[in-house]
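Subject: Structure for you to look at

Dear colleague,

Here is the structure I said I would pass on. Please have it open while you read the notes below it.

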Amino acid sequence: MIRKSDKPLQITEVSLRDGSHAVAHQFTESQIRSAVRALDEAGVHNIEVSHGDGLGGSTLQYGRSLIDEMKLIEAAVEESKQSRIAVLLLPGIGTVHELKQAHSLGASLVRVATHVTEADVSAQHLHMARELGMEAIGFLMMSHSAPVAKLVEQAKLMESYGAEAVYVTDSAGALLPHQVKERIEALRGSLSIEIGFHAHNNLSLAVANTLVAIEEGATRIDGSVRCLGAGAGNTQTEVLVAVLQKMGINTGIDLYRMMDLAEHIIGPMLHRPQEILTGSLVMGYAGVYSSFLLHAERAGKRFGIDSRDILVELGRRGIIGGQEDMILDVAAELAHKSKSEVL
Ligand SMILES: CC[C@H](O)CC(=O)C(=O)O
Ligand SMILES: [Mn+2]
């Protein structure tokens with residue numbers, strides 16, 4: 001592969017944040033400690049630790065964390081010798097108050113995440129992160145759902161607020177390889193900062209799409225060991241490291257250590273294997289937020305309807321992260337409709 005950027009790749013491991021969705025936010029402190037210790041020893045550059053929905057996400061709406069995320073961030077910082085501890089912040093769910101708290105505990109990098117058309121709400125948080133001396137990164141979620149020109153416009157806004165990199169975030173795992181290529185290519189032509197890529201494996205394209213992103217010049221890459229992330233999970237980090245190594249691209253990450261920690265530390269944390277089951281496939285197909293999976297399954301059981309119908313309807317309506325209450329609304333509506341059809 002001929003990369004269009006000569007900057008080194010930086011891998012951010014997201015299993016301890018995106019994976020929080022897959023385990024209904026039930027991470028224990030000892031799981032975080034052992035995972036961070038092993039990831040740090042393997043040489044992973046950044047490790048993200050937060051509630052799945054970012055700082056402040058532990059609520060009835062998004063799902064309560066078993067352990068306060070600040071305690072988990074503190075534990076992660078204690079265990080890490082070289083990896084940087086990152087946090088995710090969705091403005092409105094988290095505030096600058098939680099950002100300052102995470103920073104005071106030792107988090108040194110924040111990804112400020114907004115819907116792909118709403119970058120303006122990240123200004124305050126990106127500015128604050130820079131003031132605190134943290135690395136500030138923009139994270140444009142549901143990047144498949146906006147035209148390329150809109151994505152570029154929004155990324156430029158984040159750059160103007162002080163973002164040091166902006167991510168194309170494929171929250172629904174819906175992007176096809178040529179769509180990744182056009183997005184990264186357009187950003188590379190318009191931004192002076194680094195470009196990142198965050199995939200979900202709902203259509204089994206995460207590693208392939210990540211390679212396309214790297215080839216086009218993305219240098220900040222997310223992955224989750226054993227695909228421990230929302231939906232079918234993310235780009236499987238240990239697989240990506242192996243593939244890149246085979247391509248002669250050295251990440252500085254120790255492959256055998258990654259395999260070992262996948263087997264003995266992250267694997268046992270999975271509540272169920274991260275296969276592409278119907279729910280995640282439908283999310284990739286219909287372009288629905290990966291973190292909606294467990295919510296839609298629960299709503300389907302509660303209202304006695306097929307969770308696929310809920311997901312497809314959510315995709316049709318363009319429901320986005322932060323609107324989790326709409327999952328119940330849609331389920332109730334569909335159940336009502338199917339009852340009236342029977343009568
Ligand atoms: C709800 C936040 C979300 O999980 C962030 C993310 O990882 C994504 O949009 O893919
Ligand atoms: Mn994600």
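The notes below go from the annotation to the barrel, then to one strand, and then to the core.

Please keep in mind that this is a predicted model. The UniProt record, an unreviewed entry, places the feature "domain: Pyruvate carboxyltransferase" at residues 9-259. Over that stretch the chain is 40% helix and 16% strand, and its end C-alpha atoms are 20 Å apart.

The barrel

Eight strands close into a barrel, with parallel pairing, in the order β1-β2-β3-β4-β5-β6-β7-β8. On average, and ignoring direction, neighbouring strands of this sheet are turned by 25° against each other.

I looked at one pair in more detail. Strand β5 (residues 135-141) and strand β6 (residues 165-169) run parallel and are joined by four bridges. Phe 139 has Tyr 167 of β6 as its bridge partner, and Leu 140 is partnered with Val 168.

Helix α5 (residues 123-132) touches β3 (84-89), β4 (109-115) and β5, and its direction makes about 160° with that of β5. Helix α6 (residues 148-160) touches β5 and β6, and the direction of α6 also makes about 160° with that of β5.

Strand β6

Is β6 buried or exposed? Five of its five residues are buried, so the strand is largely enclosed by the rest of the structure. In a regular strand, side chains alternate between the two faces of the sheet. In β6, Ala 165, Tyr 167 and Thr 169 point one way, while Val 166 and Val 168 point the other way.

The core

The largest nonpolar core has 106 residues. Val 87, Val 110, Leu 140 and Ile 310 are those with the most contacts inside it. Helix α2 (residues 29-42) supplies the largest share of this core, six residues. At least three residues of the core come from each of domain 1 (10-269) and domain 2 (278-342).

For Ile 310, leaving aside neighbours within four places in sequence, the contacts are Ala 296, Ala 299, Gly 300, Ile 305, Ile 327, Val 330, Ala 331 and Leu 334.

Regards

Technical notes
Residues are numbered from 1 along each chain as its sequence is written. Chains are lettered from A and ligands numbered from 1 in the order in which they are written. This is a predicted model: local features need pLDDT of at least 70, side-chain atom pairs count only at pLDDT 80 or more; totals for chains, interfaces and linings use all residues. UniProt positions are given in the numbering used here, feature names are shortened, and annotations may be inferred rather than shown by experiment. Helices (H or I, at least four residues) and strands (E, at least two) are DSSP runs, numbered from the N terminus. Two strands pair if DSSP finds at least two bridges between them. Axes are lines fitted to C-alpha atoms, for helices over the stretch in contact, and angles run from 0 to 180 degrees between N-to-C directions. Two residues are in contact if their C-beta atoms, placed from the backbone, lie within 7 Å. A nonpolar core is a set of buried Ala, Val, Leu, Ile, Met, Phe, Trp, Tyr and Cys residues joined through C-beta atoms within 7 Å. A residue is buried if 20 or more other C-beta atoms lie within 10 Å of its own, exposed if 12 or fewer, and partly exposed in between; C-beta atoms are placed from the backbone. Domain bounds come from an automatic or database domain assignment.
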